[in-house]
There are 2 protein chains.
Amino acid sequence: MAKQNTVFKHAFNRCLQQLAHTATLPSEPEIGNMLGVSRTTVRAILARMEELALISWNKRSKTVLRQPKADDYYPEDETSSLSAIIERSFMRRILAGGAEPGMQINELEIAREIGIGTTSVREFLIRFSRFGLIEKRPNSHWILKGFTREFALELTEVREMFELRSAASFALLPPKHAAWTELADIEATHHDILADIENRYMEFSELDERFHLLVHTSSANRFIVDFYDIITIVFHYHYQWNKTNARQRNARALEEHLDYIAALRSRDPAQVEAACRRHLRSARETLLQSIP
Amino acid sequence: MAKQNTVFKHAFNRCLQQLAHTATLPSEPEIGNMLGVSRTTVRAILARMEELALISWNKRSKTVLRQPKADDYYPEDETSSLSAIIERSFMRRILAGGAEPGMQINELEIAREIGIGTTSVREFLIRFSRFGLIEKRPNSHWILKGFTREFALELTEVREMFELRSAASFALLPPKHAAWTELADIEATHHDILADIENRYMEFSELDERFHLLVHTSSANRFIVDFYDIITIVFHYHYQWNKTNARQRNARALEEHLDYIAALRSRDPAQVEAACRRHLRSARETLLQSIP
DNA sequence: CATCTGTCTATTGTCGATAAAAGACAAAAT
DNA sequence: ATTTTGTCTTTTATCGACAATAGACAGATG
C-alpha cells in the first residue's frame, strides 16, 4: 500500500453530508472546489456513490437516489492523514507519558509502534523539529529536549515580543479593515461563552487560538505568524492533558481578552500595551503552573 | 547505492592531515572523538590507510609509514553530504537564477536534475520551508514565495527585535563569562582585517556570522538562536552572488561592529541599543539595495 | 464559445530494501 | 581496573517502486 486513500475517504464523507441538501450534484470541477480535491478524486467519489446506489450518474446528470446511512460513511479514523496520526501519537508520548529530557528518540521504534514506514516518521520529526522540542544528531538519533520550564519560558519570551508588536500594529489598522469585523465577531463569542460559562468553558481553547492568531496576523510578518504555530500546538496538546481548574482559568482569560479587545478598539498604544501585557503575563503563569 | 559513504571519505581526508603531525596514531575511540565519527568509521579509515600502505596497523600499534600524497585524498566533491549539495543547488536556483515568485517547485524535477532520489529532496524542502521562502500545497507541489523585498523586510524586522534583546542581555553577562573572551577575540580579528582590508575584505562574511551568532546566543533562547540560521543562510548565499562594492560595504560594517562591540563593553544599555540599531539599520539597507 | 467530461500523464506520499554509520558488549591488553 | 579492540546488532540515509492524487488536453455538450 503505497498511499492510504485518506483524501478520498475524507472527501467522500464530507460529500455525503452535502447529499442532504440537494437533489442533484453540480459539475465535477465545482464539487472539487467545494471539497478542496482534484477532479480525479471527485470522480472516485462519484463512482463510489453510484456503486452504493446513492446517486445515479450519467455524464452531467448526477441525481440523488437516497439519503446516506451511517454505514455509508467511512470510519472516522481512516480519514485522518498519516502525519496527523503520528503527531497525536508523538505528542502523547512527550507531553503525557513520562518522557525525560535527554531521552533518545528512535525513528524505527516509533514507526514500528504506530505500524507505518520510517519515511513518514522521519518527515514528521523534521517538520516537528522547528518547535524546538527535539534535536537531531546527524547520522544518529534524535534527542528529546523535553517540555520543560526553560522551554516554556523561552517560548513565552518570544511570544510576548511578537504579540506586543502585533497588537500595536493591530491598533493602527484602518477602520474598514476586515480584522475589525472579525474582532467584533470574536468579542461577541466571548460574551456568549461567558454567559453560559458552566457548560461552554471548553470552547475557550479554540476561541483563544482564533483571537491570538488574528492579532498575530496583523503583523503581516510571516515569521511572526508562523511562530504562532508553535504556540498553538503547545497549548492545544497541553490543555488536552491538563484540565485542572479549567473552568476558572478560562473564565479569567475570557475577561482578560475582553479588556484586551477594548484596548485594541481604543487604538491607544499605551492601553493596548498594558492590556496585552496583563493577559500575556497571566497566560504565562498558567502555563508554568502546569509544568512540574 | 543506499547511502553515499561521504562521512567516511570526509573523515578520511581530515585524518590524512593528522598524519603529518605524528608518527603513531592514538586509539580508535580517540580518533573517533577527534573526527566526530563512530568507531566503525574509524576502523574503515584505518583499513583504507593500511591498504594504501600509509600506516601499518596491528591492534594497538598504528605506525605512520609515509606521508600522504595528493591522490591519497578523496576528491573534495565526494565529501559533502547530500543535503549540502541539494542546498547549494537549490539556493542557486532561487537566488541567482531567474526564479519568479509564485513559481511551482517540483520535487521530482529537482531530484532528476541533481541525479538523486526524491526522498532526499523532499526532506530538504521540508527542512528548508522554515525559512519562509517556500510553501507546500498538500498532495501537490511547493510554491516559491521568492526572495522579495517583503521577505527581506519581514526577516529584518524579526532580526532587529531579536538582536536588540540579545544585545541587551549580552551587556548583562557576568564579567567572567566566556562570551567576553570570545568577543575580545572577534574584536581583534576585526582590527586585523581592517588593517589589510584590500586583501582580506572577503573574510568579513564569516566574521560577521560569528559575531552576530555570539550576540544572539547570549539570549539563551532557542527560538532566537535558531532564527539566526535563517539570517545566516540568506546572507551567506546572498553575498555569494552579489559582490558589488563588497570591499567598501564590508569596511563600513567592520567599523560599525567595532562601535557595537565597544558599546557592549561599556555595558550601558542606552549605548548598546544605539550602536546595535545603527548597525542593523545599515545592514538592512545593504540587503535591500541588492534586491531588484 | 465556455464549460464539462473522458482519458491520459506526471507528481506526491508511503513503503520496503539495503549500504553506511552508529553503537553495544565481551574478550583482550596494558 | 580502565581502556582498547574484535565482533555483532541496530539504526539511519537513501534509493526505487507503486498506489493515490493532481493536473493537462482534446473532444463532447449545452
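In this predicted model, Q104(A) stands opposite I143(A), a residue of strand β5 of chain A. The pairing belongs to a join of two bridges between β3(A) and β5, residues 142-144 of chain A, and these two strands run antiparallel.

**The three-stranded sheets**

- In chain A, three strands form an open sheet in the order β3-β5-β4, and the pairing is antiparallel.
- The edge strands of this sheet in chain A are β3, residues 104-105, and β4, residues 134-136, each of which pairs on one side only.
- In chain B there is also an open sheet of three strands, which has the order β3-β5-β4 with antiparallel pairing.
- Why is one side of β3 and of β4 in chain B left without a neighbour in the sheet? These strands, 104-105 and 134-136, stand at the edges and each has a single partner strand, so one side of each has no neighbour in the sheet.
- Within the sheet of chain B, β3(B) pairs in the antiparallel sense with β5, residues 142-144, over two bridges, and Q104(B) has I143(B) in β5(B) as its bridge partner.

**The hairpin of chain A**

- Strand β1 of chain A, residues 55-58, is joined by four bridges to strand β2 of chain A, residues 61-64, and the two run antiparallel.
- Along this pair of strands, W57(A) stands opposite K62(A) in β2(A), while N58(A) has S61(A) in β2(A) as its bridge partner.
- How many residues lie between the strands of the hairpin of β1(A) and β2(A)? There are two residues between these strands, and in this hairpin K59(A) takes a positive phi near 50 degrees.

**Chain A as a whole**

- Chain A has 13 helices and five strands, and its C-alpha atoms fill a box of roughly 65 × 55 × 35 Å, taken along the principal axes.
- Of the 292 residues of chain A, 24% count as buried.
- When contacts in chain A between residues at least 6 apart in sequence are considered, 64% of them join residues at least 24 apart.
- Chain A is divided into domain 1 (6-77), domain 2 (82-144) and domain 3 (149-289).
- The C-alpha centres of domain 2 and domain 3 of chain A lie 29 Å apart, and six residues of domain 2 are in contact with six residues of domain 3.
- Sorted by class, the side of domain 2 of chain A that touches domain 3 of chain A has five nonpolar residues, one polar residue and no charged residues.

**Where chain A and chain B meet**

- In the contact between the two chains, 19 residues of chain B are in contact with 19 residues of chain A.
- On the side of chain B that touches chain A, the helices α6, α7 and α11 of chain B each supply at least two residues.
- The residues on that side of chain B divide into six nonpolar, four polar and nine charged.

**The largest nonpolar core**

- The largest nonpolar core has 20 residues, and those with the most contacts inside it are V158(A), F227(A), V158(B) and F227(B).
- Helices α7 (149-171) and α11 (222-240) of chain A, together with α7 (149-171) and α11 (222-240) of chain B, each supply at least two residues of this core.
- Which residues does V158(A) touch, if its neighbours within four places in sequence are left aside? V158(A) is then in contact with F227(A), and also with N221(B), F223(B) and I224(B).
- As general background, nonpolar side chains tend to be buried together in soluble globular proteins.

**The surfaces near the DNA strands**

- DNA strand C is surrounded by 44 residues, of which the closest are A2(A), G117(A), A2(B), V7(B) and T40(B).
- The surface near DNA strand C draws at least two residues from each of α2 (28-35), α4 (82-96) and α6 of chain A, and from each of α1 (6-19), α3 (39-51), α5 (107-114) and α6 of chain B.
- By class, the residues of the surface near DNA strand C divide into eleven nonpolar, 23 polar and ten charged.
- DNA strand D is surrounded by 44 residues, and the closest are A2(A), V7(A), F8(A), T40(A) and G117(B).
- Two or more residues of the surface near DNA strand D come from each of α1 (6-19), α3 (39-51), α5 (107-114) and α6 (118-128) of chain A, and from each of α2 (28-35), α4 (82-96) and α6 (118-128) of chain B.
- The surface near DNA strand D has eleven nonpolar, 23 polar and ten charged residues.

Terms used:
Residues are numbered from 1 along each chain as its sequence is written. Chains are lettered from A and ligands numbered from 1 in the order in which they are written. This is a predicted model: local features need pLDDT of at least 70, side-chain atom pairs count only at pLDDT 80 or more; totals for chains, interfaces and linings use all residues. A nonpolar core is a set of buried Ala, Val, Leu, Ile, Met, Phe, Trp, Tyr and Cys residues joined through C-beta atoms within 7 Å. A residue is buried if 20 or more other C-beta atoms lie within 10 Å of its own, exposed if 12 or fewer, and partly exposed in between; C-beta atoms are placed from the backbone. Two residues are in contact if their C-beta atoms, placed from the backbone, lie within 7 Å. A residue is near a molecule or strand if its C-beta atom, placed from the backbone, lies within 6 Å of it. Ala, Val, Leu, Ile, Met, Phe, Trp, Tyr, Cys and Pro count as nonpolar, Asp, Glu, Lys and Arg as charged, and the others, Gly among them, as polar. Two strands pair if DSSP finds at least two bridges between them. Domain bounds come from an automatic or database domain assignment.
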